[in-house]
Amino acid sequence: MIDFEIPEEDSMLLASIDRMMAREFPPEAYRAADRAHQTPWHLLPRMGELGLLGLPFPSRYGGMEQDWRSVALVNERLAYHAGIASTLFATTVSFGGMSLMTFASEQQRQTLLPRLVQGQARFALALTESGAGSDAAALSTHAQRIQEGWRINGRKVWISNADAADHLVVACRTTLGSTGTDGISLFLVPRQTAGIHMSLLEKVGHNCMPSWDIGFDDVVVPEDALFGQEGMGFKHVLSTLQYSRAGQAANSIGQAQRAVELARDFAQQRTQFGRPIGNFQVIQHKLADMQVRVNQARLCLYQLAWLIARKRPCRLEAAQAKLVASEAFQFVTREGLQIMASHGYAMESDMQRMWRDAGLFTFGEGTSEIQRNLIAREMGL
């Protein structure tokens with residue numbers, strides 16, 4: 001039986017997050033950053049000071065040695081205050097840190113994990129290509145072994161936060177003539193390496209998380225830039241999906257809870273026909289459905305975090321949490337806009353920003369359709 005009691009240590013950590021976010025990135029600062037398309041990178045060192053970025057990592061790297069239930073709680077609370085804060089946290093811990101722990105060399109761990117825990121290391125995954133989205137195994141970017149190490153050529157697209165990253169984790173074909181998932185390797189490529197060219201992509205939402213089109217033109221990296229085993233890159237990415245999908249779910253849930261509360265508060269204050277609109281049953285039912293969807297997603301996330309903490313298989317639960325949470329986020333922001341009407345649609349409203357941002361979560365880190373395929377496969381279908 002899963003214990004839903006939040007330990008006192010975690011409660012204190014969540015309270016410290018509330019204070020940090022109120023001081024470092026209050027709602028008005030988030031609105032300004034969204035308008036200016038700016039990423040609040042200053043939050044990462046603050047997270048490091050609180051110990052947030054070291055939660056699941058061994059003490060020898062500066063970590064706190066806590067399990068994934070604490071990570072999920074922290075991720076959700078950060079998202080409640082600001083979705084971009086949760087994104088920066090999850091990208092650092094769930095992708096960067098857990099990739100280092102799962103398949104990196106010990107030298108790479110010793111070099112990068114202490115900096116990551118302090119909030120001094122930034123990573124971006126360069127996987128998606130114009131012809132390789134849901135079918136990630138269709139990628140064509142390739143790396144050729146040369147005397148100096150490896151030469152990378154190809155193109156990646158929709159790579160989040162790439163320009164500000166210290167390292168790009170680049171998926172390349174390293175086996176001549178290979179197809180599908182075979183012959184793919186990962187490389188840790190310093191952002192400033194010669195031959196990397198980037199152009200900014202415009203999109204509907206996530207203004208604080210810019211996305212980039214990246215060209216790799218004869219990019220040369222040393223032999224020790226290989227991240228994990230040669231030819232095992234696709235399997236390495238799959239081995240960390242439960243962490244990144246847990247991060248996506250927590251981010252969706254934290255923001256969705258905030259959206260429910262915004263809509264509820266508005267319904268209690270907005271009067272029509274002589275009384276608050278929250279007194280009308282149709283609005284009450286909308287808000288009730290919104291909260292139920294968030295609660296269902298939260299239960300899926302907590303089950304996933306419990307399984308990760310016990311190192312149990314969780315492919316189905318990871319896909320389930322990501323699916324339910326991302327679709328709940330879209331549902332509550334759409335209903336929230338309907339309740340708030342023009343007040344929610346105005347650019348100064350937090351609801352419209354969350355509604356715009358929610359769109360990414362049902363296809364980022366794997367589409368809802370792919371998640372349903374995975375769930376069906378785990379059911380034996």
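Analyst: Let us begin with a term: a cavity is a set of grid points where a 1.4 Å probe fits but cannot get out. Please note that this model is predicted.

User: How does one find such spaces, and how many cavities of 30 Å³ or more does the structure hold?

Analyst: Rolling a probe the size of a water molecule over the atoms shows where empty space is left. Here, the structure holds four cavities of 30 Å³ or more. The second largest cavity contains about 50 Å³ of space, while the largest has a volume of about 60 Å³.

User: Which residues line the second largest cavity?

Analyst: Its lining consists of W41, L44, L88, T91, T92, A121, R122, F123 and N161. By class, five are nonpolar, three polar and one charged. Helix α5 gives the most to this lining, with three residues.

User: What does α5 supply to the lining of the largest cavity?

Analyst: Helix α5 supplies three residues, the largest share of that lining. The lining residues include Y30, D34, H206 and R353, and by class the lining has three nonpolar, five polar and three charged residues.

User: How is the packing of two helices described?

Analyst: Two packed helices are described by the angle between their axes and the distance between the axes. In this model, α4 (residues 68-81) and α9 pack at an angle of about 145 degrees, with axes 7 Å apart. Among the residues that meet are W68 and L73 in α4, and L301 and W306 in α9. The contact comprises nine nonpolar, no polar and three charged residues.

Key
Residues numbered from 1 in each chain as written. Predicted model: local features only at pLDDT ≥ 70, side-chain atom pairs only at ≥ 80, totals over all residues. Heavy atoms only, no water. Axes fitted to C-alpha atoms, helices over the stretch in contact; angles between N-to-C directions. Helix = DSSP H or I, 4+ residues; strand = E, 2+ residues; numbered from the N terminus. Contact = heavy atoms within 4.5 Å. Nonpolar A, V, L, I, M, F, W, Y, C, P; charged D, E, K, R; others polar. 1 Å grid on protein atoms, 1.4 Å probe; cavity = no way out; pocket = protein on both sides within 12 Å on 5 of 7 lines; lining within 4 Å. Points joined across faces, edges and corners; volume = space filled by probe spheres on them.
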